[in-house]
Amino acid sequence: MSSQLRELVALSCRVLGTADQGDLIWGHSSARDPGGRGVWIKAAGWGMEEVTPERVQLVSPSGEVLEGEGPRHSEYPIHTEIMAARPDVGGVVHTHSPYAVALAAAGQDLLPVSHAANYFVPPGVPRFTDTADLILTPELGRAVAGTLGQASAAFLVNHGIVTVGPTLRAATVAAIVLERAAYQQWLTRGFGTWPTWSDPAESLAKRAHIFHPDAVEQVWEYLVRRLPA
């Protein structure tokens with residue numbers, strides 16, 4: 001099981017790195033340990049696209065590295081505290097995806113101007129504003145989890161994003177889709193007019209039609225196929 005989880009986390013990281021969400025050596029994704037020991041997360045110091053199974057660690061809720069080599073990421077509380085608050089979550093992604101960061105910093109809500117945003121709206125993407133600094137403590141991790149609530153994504157304003165899913169595959173797809181949605185909104189607004197967008201009923205219908213679990217899994221498989229050999 002540990003080898004499968006290491007491989008899954010490594011794949012998630014490489015998918016995100018290939019999608020330009022790596023931000024040098026920062027950003028991380030994690031999978032819940034089925035034995036309740038913590039989270040499987042990449043070791044610090046590596047770019048997302050560099051992550052191999054050997055560069056994935058098991059980190060306890062208190063921050064102890066139980067398996068794996070190298071230093072751990074200081075922001076592990078994002079992952080452990082969300083997992084503690086959300087038993088339904090099997091995977092967490094935190095990146096500094098550029099368009100989503102810009103959208104949140106601009107004070108804009110995510111609007112369903114394209115298919116992508118319907119993954120999140122309604123109810124929308126909540127905004128964590130307690131700090132734009134790193135999430136270094138369990139207290140801040142719990143605050144992020146509180147802001148996230150039952151949503152599938154949150155903006156850490158002036159910092160980055162968090163996405164979650166029942167699996168790490170789904171959380172990874174959510175991160176990719178959120179960045180596409182933010183980019184589409186920026187592109188739409190660039191025409192200098194007020195955009196149109198779907199109402200809540202249509203957004204929910206589109207979510208059911210486009211982002212059903214089978215489709216999310218197929219997107220994951222597509223993203224993995226696109227990885228460099």
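Which helix gives the most to the nonpolar patch, and with how many residues?

Analyst: Helix H5, residues 168–189, gives the most to the nonpolar patch, with three residues. The model is a predicted one, in which local features need pLDDT of at least 70 and side-chain atom pairs count only at pLDDT 80 or more, while totals for chains, interfaces and linings use all residues. Residues are numbered from 1 along each chain as its sequence is written, and side-chain values use heavy atoms, with hydrogens and water left out.

The patch lies on the surface and is formed by Tyr99, Tyr183, Trp186, Leu187 and Phe191, which together have about 550 Å² of accessible area. Such a patch is made of residues with over 30% relative accessible area and no salt bridge; nonpolar side chains (Val, Leu, Ile, Met, Phe, Trp, Tyr) are joined within 5 Å, and like charges within 9 Å. Accessible areas come from the Shrake-Rupley method with a 1.4 Å probe, and for residues only the protein chains shown count as cover. Tyr99 is found in helix H3, residues 98–105. Tyr99 is partly exposed, with a relative accessible area of 30%; buried means under 20%, exposed over 50%, and partly exposed in between.

The largest nonpolar core has 45 residues, among which Leu110, Phe120, Phe155 and Leu178 touch the most other members. Helix H1 (2–18), strand S3 (56–59), H3, strand S7 (153–156), H5 and helix H7 (213–225) each give two or more residues to this core, and H5 gives the most, with eleven. A second, separate core of 19 residues includes Val39, Val92, Val144 and Ala154. A nonpolar core here is a set of buried Ala, Val, Leu, Ile, Met, Phe, Trp, Tyr and Cys residues joined through side-chain atoms within 4.5 Å. Leaving aside neighbours within four places in sequence, Phe155 is in contact (heavy atoms within 4.5 Å) with residues including Ala100, Leu103, Ala104 and Leu178.

Of the 229 residues, 50% count as buried. The protein exposes about 10500 Å², of which carbon and sulfur atoms supply 56%.

Charged pairs complete the picture. Seven salt bridges are found in the whole structure, each being a side-chain nitrogen of Lys or Arg within 4 Å of a carboxyl oxygen of Asp or Glu. One of them joins the side chains of Arg6 and Glu67 at 3.7 Å, N to O. Arg6 lies in helix H1 and Glu67 in strand S4 (residues 65–67), so the pair ties together parts that are 61 residues apart in sequence. Another salt bridge joins Arg37 and Asp33 at 3.1 Å, N to O. Asp33, in the loop between strand S1 (28–32) and strand S2 (39–42), is buried at 3% relative accessible area, whereas Arg37 is partly exposed at 37%. Arg86 and Asp88 also form a salt bridge, at 2.9 Å, N to O. Salt bridges that share partners join Arg6, Asp33, Arg37 and Glu67 into one network.

Key
Helix = DSSP H or I, 4+ residues; strand = E, 2+ residues; numbered from the N terminus. Buried < 20%, exposed > 50% of the residue type's maximum accessible area, 1.4 Å probe, protein only.
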